[in-house]
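Subject: Structure for you to look at

Hello,

Here is the structure I promised to pass on. Please open it first, then read my notes below.

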Amino acid sequence: MSDKQFYILLGLGAFVAYSIAIKAKAAASSLAESVDPTSSNNIFYSGVNAIGDLLDDGQSDDSFSLGGWLYDITHDDIDLGVVQ
Ligand SMILES: [Ca+2]
């Protein structure tokens, strides 16, 4: 192998390693977001939304969100039998 070939391979290897590092970082960031309880993209939140969406009217039409539901139950004047 000539010096030139060696440096080409070295550069190629560095580029591949760099690409893998970028992809790994993006995947880790996406995974972190999917389990972040404060993110609306987390697995739990989107899972609850998908289930609530189907349960509220039987259709998958994004009609339900956990945030909206929490707002409703905490802001509606629902009579819970509690004297206020
Ligand atoms: Ca729905």
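A definition to start: two residues are in contact if their C-beta atoms, placed from the backbone, lie within 7 Å. On that basis Ser63 touches Asp53, Asp56 and Asp57, with residues up to four places away in sequence left out.

Two notes on the source. Residues are numbered from 1 along each chain as its sequence is written. The model is predicted, so local features need pLDDT of at least 70 and side-chain atom pairs count only at pLDDT 80 or more, while totals for chains, interfaces and linings use all residues.

**Confidence**

pLDDT is the predictor's confidence in each residue, from 0 to 100. Its mean over the chain is 82. 92% of the residues reach 70 or more. Confidence is lowest in helix H1 (residues 3-35), with a mean of 84, and highest in H2, at 87.

**Overall layout**

The chain has 3 helices and 0 strands. The order from the N terminus is α-α-α. Helices (H or I, at least four residues) and strands (E, at least two) are DSSP runs, numbered from the N terminus.

The radius of gyration of the chain is 25 Å, whereas a compact globule of 84 residues would have one near 12 Å. That radius is taken over C-alpha atoms, and the globule rule is 2.2 Å times the number of residues to the power 0.38. Along its principal axes the C-alpha trace spans about 85 × 30 × 10 Å.

The domain assignment gives domain 1 (1-32) and domain 2 (36-75). Such bounds come from an automatic or database domain assignment. The centres of the two domains, taken over C-alpha atoms, are 40 Å apart.

What share of the 84 residues counts as buried? The figure is 0%. A residue is buried if 20 or more other C-beta atoms lie within 10 Å of its own, exposed if 12 or fewer, and partly exposed in between, with C-beta atoms placed from the backbone.

H1 is hardly covered, with 0 buried residues among its 33. The expected span is 1.5 Å times one less than the number of residues.

H2 (residues 43-57) has 15 residues. From first C-alpha to last, H2 reaches 22 Å, close to the expected 21 Å. Gly58 follows H2 and has a positive phi, near 75°.

Asp53 is in helix H2. Leaving aside neighbours within four places in sequence, Asp53 is in contact with Ser60, Asp61, Asp62, Ser63 and Phe64. Why does Asp53 count as partly exposed? Because Asp53 has 17 C-beta neighbours inside 10 Å. Asp53 and Leu66 are 13 residues apart along the chain, and their C-alpha atoms are separated by 9.5 Å.

Ser63 sits in the loop between H2 and helix H3 (66-75). Ser63 has 13 other C-beta atoms within 10 Å, so Ser63 is partly exposed. Ser63 and Asn49 are 14 residues apart in sequence, yet 8.6 Å apart in space, C-alpha to C-alpha.

Asp62 also lies in the loop between H2 and H3. With 9 other C-beta atoms within 10 Å, Asp62 is exposed. Most residues other than glycine have a negative phi. Asp62 is not a glycine, but its phi is positive, about 55°.

Best wishes
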